[in-house]
Every structure is written in structure tokens, then in C-alpha cells.
Amino acid sequence: MIPKYIFVTGGVASSLGKGIISASLAKLLQARGYLVTIQKLDPYINVDPGTLNPYEHGECYVTEDGAETDLDLGHYERFLGTPTSQANNVTTGRIYQSVINKERRGDYLGKTVQVIPHITDEIKRRIKLLGSRKKYDFVITEIGGTVGDIESLPYIEAVRQLKWEMGDQNVLIIHLTLVPYLKSSGELKTKPTQHSVKMLLENGVQPNILVLRTSYELNEELRKKVALFCNVDSDSVVQSIDVGTIYEVPIMMQKEKLDVTVLKKLGMDYSGTADLGPWNKFLKRLQNPKRHSRIALVGKYVELPDAYISINESFKHAGAMNNCRVDVQYIHSEDINESNYIALLKEYAGILVAPGFGDRGIEGKILAAKYARENNVPFFGICLGMQCAVVEFARNVLGLEKAHSTEMSLKTPDPVIDLMENQKGVTEKGGTMRLGAYPCIIKAGTRTSEAYGTLEVTERHRHRYEFNNKYLNDFEKAGMISAGINPETSLVEIMEISSHKWFIGVQFHPEYNSTVLRPHPLFISFVRSTIS
Ligand code: GLN
């Protein structure tokens, strides 16, 4: 069976929410019983976003198979509850890399290698490759960037070719644009949408459905006008009005019958409705919290909320589960010092120290762990956050004053966090960390086991440094125990202080595993500890 291919392009402006529209449509199709996957094509030259600063591109999301990917894949997983993989995110860099490798191998011997057909063929191959992985009914492919960008051109051309090759019944194009509101004249404007569709048409692509992002309701007349000028059916102009939470978008798209229109256009059965029962239940809890909790997120990329997007979303999932609104306040770790840390942190019911790299702001993170430990305030350390808690414990409880991670101090006499042997010879930065899902065995009778309710889990990693097992005995004797171990390598994956109200540090990233319908047990338990 060949899947149906749906492409989602964007026009007028970036950040209109193509990822959320793609994920919402996928959700609606999934709720009708279809097998759906979503792919993101990113038009930049980096082979993957792993080497990008979070300020540039937001969080780097890690898949089970260890791919460092675009943060939209996080939305796909959170909405669908099914794992994505390397094949779900392809960048221009990766496309060129494989074409150039083929050229060097001699695969194109005698031929001039060109954008068309070689790059476009490789793009098409990557799109179809995902479709051949499983028996998908639909592959939704989100094209990053905005129509009109030079970088996007080969992708749009690949879409044009696929539509031509596979036909209208198998390929559908959704174009997302913005309808701005002009305050002075009190009008919603459709011209940018018309121009953006013209731009697509210049590239030979006629969109089938237009999704219009707007702050105000679009009336029938406006929809008709857009349909007429942009050459689409009148039921194919869909409004996407601003909402309070991204989790409302599937409901909104259902009201707008986006799924029905898509199925109709692809010649499929569109009777019945998508059952969004469990989703609605989550939404109700999210929007009607009975309690409230303030949690400090200590990190160094706090200016850009997208840098910690999976953690934020995990708090929403876990908060709803606890009927609690989690108010996450960002604190810049560089702003925390010896003289202000108590005053800064004392208003919070819980503290999370975020993942990160490099030594900027590291002492602030260590102080945050110290504050939480000494004052019995719930503490959750994620990756670098766990490492900071370990360093703090070594310094202030074990008396190893100069203890550190060798990432920050190569000369420390007590490298409680250190590079694994097999990382020592690594010189390339891209894709060389401990990446992806690894098993972890939880120690029975710990806080962690209580939270998980199981003793065997798999969690995703993205780091180079590890707890140094040479020190484990000393830590355990003093009350910080290893609550989770990698069964194959004996690496410590979880540290906890069992006598504390809630003090858990994890070497992995639980936030990548939290979904709307399956919030992460550690987040649920952490939030609960902040309200009890
Ligand atoms: N910088 C640390 C390491 O590489 C932690 C990484 C992280 O927080 N993801 O081990």
C-alpha cells in the first residue's frame, strides 16, 4: 500500500504554527484509526540541529534512535504519542551530504550533478523513504521556512514533481498563511495570502487547502474571496484563530472540518468523526486547574522559551494530571550568586535545574541545587542539572571542595562527573554524544521507583559526561544514592536523596518522553510533591 502524502507549506511569515497544524491534522486522522507519521524538512545547511545554539533554533529534540532533530518533532510525538526517528527530520545539509557522497563514490559518473534533478531526487527519496518504513496511511511532510525563501525552492520543486507523479488523489498540499488585522481601518487583510499563493503558483504548485492564521473570526465573505482569488474550493479555506494553548488546535481544526476536507480531497471515506475523548479530557483539566504551583526553571537559555519547550510542555501534561496549573518561572543561572540565592529561590515550591553545556552560569545552577537540598525543597535535575546536584553534594556534603565536572574544570582533583572512556578520543562535535534511548534499571524502594511504578524503563540521552563511579560508595554512604543504573554499562542514570522531600537528578531527558495522553511519571511525581 502506498501512503497518501500531505505537504504543509507556509507563507507570509514564519512562526505561524505549521508544526502544530501538521500535528493537529495528524491527530485527527489518527483518532479516525489511520496510521500517520509526520516529517519535517528543514532548509538549512547544518546536517542536523545538534550543533546549533538553542538561541538560534530553540531546543534540539532527540528521538529514540538517537537523532538530534528539530523541536517540531517534539510536538509530533506529544500529539500522536508515537515515536519519530531520524527519517522524520531531514535538512538541506543532510540532502547535500548524501548527494556529494554519492558523487564521490562515482554513482553519477559522467554526469553534472545539479540541484534539479539530483538534489530534488534525493529530497523525494527521503520523503518516500519515511513512507516505506511502516504501513502508513498518511505521511504528513512539513516544509520548514517560508515560501519565497531561496533555501526552500528545491523542496517546493520536489513537492511539485511528487504531485505530478502521484496525482491529486495521492498528494495534497496545505498552505498556511497569515491574515493580518489592520487596526486603523478595522479590517482583516487577505492580500498577503493572495501574494503568497501566487508565489507558490510561480513555482508550479497549486495548494489544495489554505489554513489562515488570524486573530479574529473570518466571515463567509472573506473565505469566499480567498477561495476565488487563490483558486481553491470554498470549503478549503480553513481558519486557524489564535487560541490560549496549542492543545486546542486539534479541536479547532475538527470544528473547521480540516480532516473531512482532506479525506474528501484524497478520495477517502470521510464519514464519522474523530474521537477526541481522551484529548478533550486532558484539555479540560489543563484549562480548569484546581491548584497552582510555582516552579523555578534554572537555566541559561531563559530568554528564549523555545529553548526548554519539551520541559515546559511536560509540566503542562503533568500539571493537568495533577489538576494543577504549573507556573514555570525562568531564572537565569548567571543571575544567581552567593549573596542572593536564598532570596531569589525562596518563593518557589520546586526547583528544576535544566540541561545545558559549558560553564557559563554553572555556579548559579550548583547554588540552586544546594538551596533545594538544604531547605527540603523539591528538586529535579535534568542532565546537566543532575550533574550540578552531584557536584554540589560532593563539595558541601562529602567535603570535596574542588569537586567538579571535567567539562568545566579539567584540573579538578575530584572529577565526580567525567568523560566516559569511549568519549575521550572523540574530536568531532556533530552527533557524537551518548544519544537516544538506553535502558535503565530502577532500584526498588526508592522515590524514583515509587514515581515510575516500574523497575525497568527506557529513557533518551544527549550528553558526553557521566557520573564517575569511583565516588559512588562515598555518595551512597552520605545519603545520595544511585536509583537507576544502565544494566549494560553500569553507568549511573539517576541519583536521589531518599531522605529529602523530593530530590532526583536524572542523566537522561525525561521531557522527550512526555506526551499529552502519557505524561512522564517523574514530572507527575515532581509536580505532586510541590503541591502536597
Ligand atoms: N554538558 C553535559 C554533558 O555533555 C550535559 C548535557 C545536557 O544537559 N544535555 O554531559
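**Cores and pockets**

The largest nonpolar core has 47 residues, and those touching the most other members are Ile6, Leu29, Phe138, Ile140, Ile174 and Val262. By nonpolar core I mean buried Ala, Val, Leu, Ile, Met, Phe, Trp, Tyr and Cys residues joined through side-chain atoms within 4.5 Å. Buried is under 20% relative accessible area, with a 1.4 Å probe and protein chains only.

Helix 1, residues 18–31, gives this core seven residues, the most of any element. Helices here are DSSP runs of H or I, at least four residues; strands are E, at least two; both are numbered from the N terminus.

A second, separate core holds 40 residues, including Leu345, Tyr348, Ala368 and Cys388.

A word on the source: this is a predicted model, where local features need pLDDT of at least 70 and side-chain atom pairs 80 or more, while totals for chains, interfaces and linings use all residues. Numbering runs from 1 along each chain as its sequence is written, and side-chain values use heavy atoms, without hydrogens or water.

Now, which residues touch Leu29? Leaving out residues up to four places away in sequence, they are Ile6, Tyr34, Val36, Phe138, Ile140 and Leu263. Contact means heavy atoms within 4.5 Å.

On to the lining of the largest pocket. It divides into 17 nonpolar, 14 polar and 14 charged residues. Nonpolar there means Ala, Val, Leu, Ile, Met, Phe, Trp, Tyr, Cys and Pro; charged means Asp, Glu, Lys and Arg; the others, Gly among them, are polar. For the second largest pocket, the lining splits into 16 nonpolar, 11 polar and eight charged.

Note on methods: Buried means under 20% relative accessible area, exposed over 50%, partly exposed in between (1.4 Å probe, protein chains only).
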